[in-house]
Amino acid sequence: LDTLEKWVTEIFSEIPNNGLPKPSFGHLTQPFDTPEFHKLYRVVPIRKVHSLSITWALPPQEQYYRVKPLHYISWLVGHEGKGSVLSFLRKKFWALALYGGNGETGFEQNSTYSIFSISVTLTDEGYKHFYEVAHVVFQYVKMLQKRGPDKRIWEEIQKIEANEFQYQEQTDPVDYVESLCENMQLFQKEDFLTGDQLLFEYKPEV
């Protein structure tokens with residue numbers, strides 16, 4: 001560590017400090033507040049695949065990284081067990097796979113908005129019934145909204161993420177440094193190593 005610190009100091013001390021504050025785009029918090037986004041778009045794919053993607057533009061969520069509300073929602077939406085959206089759609093022979101979530105960085109989450117997407121891989125039969133598939137997805141989200149958050153589920157996700165963090169395989173050092181540098185722009189100092197993976201605080205109102 002002493003050697004690494006020496007190298008970093010030698011190299012980066014040459015970069016002049018312009019004294020300017022970090023850019024903020026917090027005043028642009030509704031970039032998608034337009035009627036044109038409340039539409040259905042049909043795109044013809046190059047390969048033979050049927051996919052239904054539903055996308056919401058939400059207020060910025062990056063300040064809630066210790067709670068990770070979108071991770072909680074994506075966990076429930078992407079669940080594949082009994083009572084899940086996917087199990088219901090599979091019984092109807094309408095879907096093969098379902099994914100929901102937010103990448104938590106870059107285009108999907110930043111200081112102006114957060115995007116939450118649910119993508120369903122449809123069967124040929126599911127493509128014929130994609131309106132019903134969309135309806136089922138919205139019904140499920142409505143049910144989650146009515147029931148509200150569940151601390152037991154949140155704590156279950158917290159434990160699983162903690163175990164994955166504890167026993168993760170070593171990543172490529174260059175990728176790891178790049179990830180840490182990005183984390184330094186997003187999280188408090190004590191969370192640089194863990195802020196993108198661990199859940200710290202249960203706040204149902206968030």
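Is Ser74 buried or exposed? Select Ser74 and check. The model on screen is predicted. Ser74 has 13% relative accessibility, and buried means under 20%, so Ser74 counts as buried.

Stay on this residue. Ser74 sits in helix H2.

Next, the nonpolar core. The largest one has 26 residues. Select Leu52, Val85, Leu89, Leu98, Ile118, Val120 and Val133; these touch the most other members. Then colour by element. Strands E1 (50-58), E2 (95-101) and E3 (114-122) each supply at least two residues of this core. So do helices H2 (69-77), H3 (85-91), H5 (130-147) and H6 (151-166). Helix H5 gives the most, with six residues. In soluble globular proteins, nonpolar side chains tend to be buried together.

Zoom in on Val85. Which residues is Val85 in contact with, leaving aside its neighbours within four places in sequence? They are Leu98, Val136, Val137 and Tyr140. Leu98 is, like Val85, among the core residues that touch the most other members.

Now go to the surface. Select Leu1, Leu4, Trp7, Val8, Ile11, Phe12 and Ile15. Together they form a nonpolar patch with about 810 Å² of accessible area.

Last stop: Leu4, one of the patch residues. Leu4 lies in helix H1 (residues 2-12). Its relative accessibility is 46%, so Leu4 counts as partly exposed. Ser74, where the tour began, counts as buried.

Terms used
Residues numbered from 1 in each chain as written. Predicted model: local features only at pLDDT ≥ 70, side-chain atom pairs only at ≥ 80, totals over all residues. Heavy atoms only, no water. Patch = residues over 30% accessible without salt bridge, like charges linked within 9 Å, V, L, I, M, F, W, Y side chains within 5 Å. Areas by Shrake-Rupley, 256 points an atom, 1.4 Å probe, with all protein chains shown as cover. Salt bridge = Lys/Arg side-chain N within 4 Å of Asp/Glu carboxyl O. Helix = DSSP H or I, 4+ residues; strand = E, 2+ residues; numbered from the N terminus. Buried < 20%, exposed > 50% of the residue type's maximum accessible area, 1.4 Å probe, protein only. Core = buried A, V, L, I, M, F, W, Y, C linked by side-chain atoms within 4.5 Å. Contact = heavy atoms within 4.5 Å.
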